[in-house]
Amino acid sequence: NDNITDLGTLGGEASEARGINNAGQVVGTAWTGEDTRHAFLWQGGVMTDLGALGGDHSYARAINNSGQIVGNAQVASGLKCACLWEKGDIIDLNTRIPGNSGITLEEAYALNDKGQILCFGWDINKPGYPYGLYLLTPASTVPAASLLLLFD
């Protein structure tokens, strides 16, 4: 007989789970009010609000076995950015790539246990359709941090 666990909400009407790791930590998004959604981490029976970056919304998409979480968050201007939640901090992943790259990362979809993060974004230097998928690799795993365009 399988057990079913209600993860709860952050005070709003609903929540949706998006990822789980081997420790049973679950991430997703929950409504905190009528039109506000925040990323959450559920562990040990407790749902924790992961906050946002100055805007009303954030979304957690995946969690690795180290407890790093990726997704996106709205900033004060209303735009969204790809982000990483790590050790209680929320990090705009655009601050982790070269400032002169012309690339803006909007969504982080997945990550692995090496800390590599798969993101969606756009490049102002790219003619035509400027959108693409990017793989971010932490500087701790390669001599210098890298940003690889996966699909052109």
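**Sheets, loops and confidence**

Tutor: In this predicted model, 4 strands form an open antiparallel sheet in the order S5-S6-S7-S8. Strands are DSSP runs of E with at least two residues, numbered from the N terminus, and two strands pair if DSSP finds at least two bridges between them. Residues are numbered from 1 along each chain as its sequence is written. Local features need pLDDT of at least 70, side-chain atom pairs count only at pLDDT 80 or more, totals for chains, interfaces and linings use all residues, and side-chain values use heavy atoms, with hydrogens and water left out.

Student: Which residue is the bridge partner of Ala60 in S6?
Tutor: S5 and strand S6 (residues 69–75) are antiparallel and pair over 6 bridges. In S6, the partner of Ala60 is Gly71.

Student: In the sheet S1-S2-S3-S4, why is one side of S1 and of S4 left without a neighbour?
Tutor: This open sheet has 4 strands with antiparallel pairing. S1 and strand S4 (46–51) stand at the edges, so one side of each has no neighbour in the sheet, as each has a single partner strand.

Student: Is Asp6 buried or exposed?
Tutor: Asp6 is found in the segment before strand S1 (15–20). Buried means under 20% relative accessible area, exposed over 50%, and partly exposed in between (1.4 Å probe, protein chains only). Asp6 has a relative accessible area of 69%, so Asp6 is exposed.

Student: Which side chain makes a polar contact of 2.8 Å with the side chain of Gln116?
Tutor: Gln116 lies in the loop between strand S9 (103–111) and strand S10 (117–123). A polar contact is a pair of N or O atoms within 3.5 Å; within protein, one must be able to donate a hydrogen and the other to accept it, and residues adjacent in sequence count only if both atoms are side-chain atoms. The side chain of Gln116 has such a contact with Thr137 at 3.3 Å. The one at 2.8 Å is with Asn112.

Student: What is the mean pLDDT of the protein?
Tutor: pLDDT is the predictor's confidence in each residue, from 0 to 100. Of the residues, 91% reach 70 or more, and the mean is 89.
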